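Trainee: Could we go through this model helix by helix, with the terms settled as we meet them?

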Amino acid sequence: MPEPRSPMASFAQSVHNIIDGPVTWFRETIVEPNQKKQAWYHQRFQRVPTIDQCYTDDAVCRFEADQQFRRDRMVENEIVSILRQRFEDCTLYEAPDHMKKCKPILEQYEKAAENWFIKYGDLGGYANAKSAYMKQKHRLIWERRHGPVGSGMKSEEASASPAAEE
């Protein structure tokens, strides 16, 4: 630190050193060595059991599963939002040829949006882990009976098993 030019600046510097010295020493010798260094800029929560692993009378487990569900939904909302923003930026930057140059980004965004809708679509704003689990269960039952969602329903002849005909 450069030497102060006047007696008033020298006095101000000494007062600053008296006040700041112990605080700086405490931070550098005690606080910083005991902190965990993380490359993350957000809080990381430990994963908790999902709703299908909770007992029906375990309210704490269900609450934790709901909180985990809400955190996961917020993260996936941000992922879809970032992908959408990337596509919009690419469209603006690659103006006349954007359909050709931005096609991989658009496909990635559409796949992420489809997966988001499969998991969270039509649940509403107050959805919880149980309603998402039930939606997944109903979708799997539908796919077992009728094939992939969006392919239409199987006819009665096609859905009948060969063993039933004998």
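Mentor: A residue is called buried when its relative accessible area is under 20%, exposed when it is over 50% and partly exposed in between, with a 1.4 Å probe and protein chains only. The model is predicted, so local features need pLDDT of at least 70 and side-chain atom pairs count only at pLDDT 80 or more, while totals for chains, interfaces and linings use all residues. Residues are numbered from 1 along each chain as its sequence is written, and side-chain values use heavy atoms, with hydrogens and water left out.

Trainee: How far apart are the end C-alpha atoms of α2?

Mentor: Helices are DSSP runs (H or I, at least four residues; strands are E, at least two), numbered from the N terminus. The expected span is 1.5 Å times one less than the number of residues. For the 35 residues of α2 this should give 51 Å, and in agreement with that the end C-alpha atoms are apart by 51 Å.

Trainee: Is Asp 72 buried or exposed?

Mentor: Asp 72 lies in helix α2, where it touches Arg 47 and Tyr 120 if residues up to four places away in sequence are not counted; contact here means heavy atoms within 4.5 Å. Because its relative accessibility is 18%, Asp 72 counts as buried.

Trainee: What covers the buried residues of α2?

Mentor: Among the buried residues of α2 are Phe 69, Val 80, Leu 83 and Phe 87. Their cover includes α3 (98–101), α4 and α5.

Trainee: How are α2 and α4 oriented to each other?

Mentor: Axes are lines fitted to C-alpha atoms, for helices over the stretch in contact, and angles run from 0 to 180 degrees between N-to-C directions. The axes of α2 and α4 come within 9 Å and cross at roughly 155 degrees, with Phe 69 and Val 80 of α2 and Tyr 109 and Trp 116 of α4 among the residues that make the contact. Angles under 35 degrees count as roughly parallel, over 145 as roughly antiparallel, 65 to 115 as roughly perpendicular and the rest as oblique. The two helices, α2 and α4, are therefore roughly antiparallel.

Trainee: Which residues of α5 are exposed on its other side?

Mentor: In α5, Ala 129, Ala 132 and His 146 are buried. Seen down the axis of α5, its buried residues fall within an arc of 145 degrees (taken from the directions from the helix axis to the C-beta atoms), so they line one face of the helix. On the other side of α5, the exposed residues are Lys 130, Arg 144 and Arg 145.
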